[in-house]
Amino acid sequence: MMHYERSKSQVFQVPSALAVAQTAPDANRFGECICILTRWKGSIYKLVWRNLLLYYALYYMLTILHKFILDEDGKKTFVALAKYCSRNENSFNFMIMLGFFTSTAMQRLFSMQTMMPGTAKVIGCFTLAIKPNMPEGPFIVEQFARWTVIAWILTFRLVSKPLRDLYPDMFSLQTAGILRDKERLILERVEADAENSTPRPLVAIDWMLLLLKETSTHNRFAEKSSHLKLVEAVLAFKKSCGNTIKFGTHNIPHALIQAAIIMVYAFGLLTLMARNLEDDGDEDNHLANNIISYFPILPSMQFFIFLAWLKFGRAAVNPFGTDETDIDIKRLLKTHIQDSLRLTRLYTQNLEDFFGTMPQHQYNETDVVHL
């Protein structure tokens with residue numbers, strides 16, 4: 001993870017640039033569906049192959065038990081149990097039960113993604129709202145942008161284990177150049193104070209509000225109305241942080257997750273025994289029974305589909321984890337830091353810095369003369 005201060009000398013890469021290589025595949029291109037099905041990284045096969053391997057191992061063990069180990073009475077009992085499982089295999093509507101779980105998880109995931117806080121709007125509005133060419137301007141802008149990023153980090157440390165592992169304490173944030181010494185001491189005191197229940201992200205947002213107050217008091221805004229507009233933007237940012245914490249800490253009830261897991265694995269155990277072992281003397285039927293005994297294609301396909309949906313739903317429950325399909329919080333943080341640095345530079349930049357003398361420059365000078 002790059003340091004906040006060291007990032008200034010590096011090439012900026014905004015979030016939109018990172019998304020170019022991750023665009024959706026072209027559905028009109030011939031063979032694209034095959035390419036998607038054969039992909040291993042982040043695939044459903046990578047999530048369920050261990051379960052399917054165990055499923056086949058148990059299936060073969062039961063087949064060996066029936067054919068080579070059990071005596072005649074044991075085989076009759078085994079056949080009777082297999083018939084019972086075959087009759088009741090489709091007696092439960094597993095799709096409705098599993099569909100309810102996955103739809104709930106997906107709705108929660110969608111709500112969480114839409115409510116994730118962003119830093120660009122708040123930082124950009126503040127940078128463009130204060131008066132230009134003030135000697136203290138760059139310091140104020142840098143301070144506000146850094147506190148915005150700190151609030152974002154402290155928010156996602158509460159819901160993302162990879163970010164907690166990256167920054168296990170406040171001293172690690174200071175080492176990374178994100179926190180200053182006084183800021184670290186304040187945040188550590190807040191955590192140690194048993195009577196103060198204010199979450200750390202709200203402490204950083206309070207700093208942002210106080211900085212807006214100080215900027216307005218010293219008449220540093222270009223327009224007086226900018227103060228209230230920025231307060232509304234910061235409070236909207238605070239609400240997004242709070243919603244993220246709420247969704248991340250108040251998870252789907254464990255009873256619902258347990259019910260889905262029990263249902264899928266109970267179906268898998270049921271299909272392990274659900275097999276047609278009747279032999280009426282027909283050679284073709286005997287051959288078919290032997291094939292089914294060693295190659296449970298249809299039962300394993302059903303179990304694979306249910307297991308895939310279960311894995312998908314469980315991945316949606318915690319989108320900030322360590323799976324390949326989860327949101328890459330470390331990479332997202334990197335883009336927020338780079339974006340904040342890029343936006344703070346706008347305070348000291350003009351169009352002429354990029355394009356030289358612009359056509360409208362002569363009209364700007366004329367306006368000044370008239371004034």
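Predicted model: local features only at pLDDT ≥ 70, side-chain atom pairs only at ≥ 80, totals over all residues.
**First stop: two tyrosines**

Select tyrosine 55 and tyrosine 56, whose ring centres are 6.1 Å apart and whose planes stand at 80 degrees, so the pair is edge-to-face. A pair of aromatic rings is described by the distance of the centres and the angle of the planes. Colour the two residues separately, and ask of each: is it buried or partly exposed? Tyrosine 55 is buried, with a relative accessible area of 3%, whereas tyrosine 56, with a relative accessible area of 25%, is partly exposed.

**Second stop: a pair within helix H7**

Next select tryptophan 152 and phenylalanine 156, an aromatic pair that is tilted, with 4.3 Å from centre to centre and 35 degrees between the planes. Both residues belong to helix H7, which covers residues 137-157, and they are four residues apart, about one turn of the helix. Tryptophan 152 has a relative accessible area of 0% and is therefore buried, and phenylalanine 156, also at 0%, is buried as well.

Now select asparagine 51, which is found in helix H3, residues 44-69. Its relative accessibility is 16%, and because buried means under 20%, asparagine 51 counts as buried.

**Last stop: helices H13 and H15**

Finally, show helix H13, residues 254-273, together with helix H15, residues 297-317, whose axes come within 10 Å and cross at roughly 165 degrees. That angle makes H13 roughly antiparallel to H15, and the crossing of the two helices is left-handed. To see the contact itself, select on H13 the residues Ile257, Ala260, Ile261, Val264, Tyr265, Phe267, Gly268 and Thr271, and on H15 the residues Pro299, Gln302, Phe303, Phe306, Leu307, Leu310, Arg314 and Val317. Coloured by class, the contact of H13 with H15 shows 12 nonpolar, three polar and one charged residues.

Note on methods
Residues numbered from 1 in each chain as written. Heavy atoms only, no water. Axes fitted to C-alpha atoms, helices over the stretch in contact; angles between N-to-C directions. Parallel < 35°, antiparallel > 145°, perpendicular 65-115°, else oblique. Left-handed = near helix turned anticlockwise from the far one by under 90°. Contact = heavy atoms within 4.5 Å. Nonpolar A, V, L, I, M, F, W, Y, C, P; charged D, E, K, R; others polar. Buried < 20%, exposed > 50% of the residue type's maximum accessible area, 1.4 Å probe, protein only. Phe/Tyr/Trp six-rings, centres within 6.5 Å; stacked < 30°, edge-to-face > 60°.
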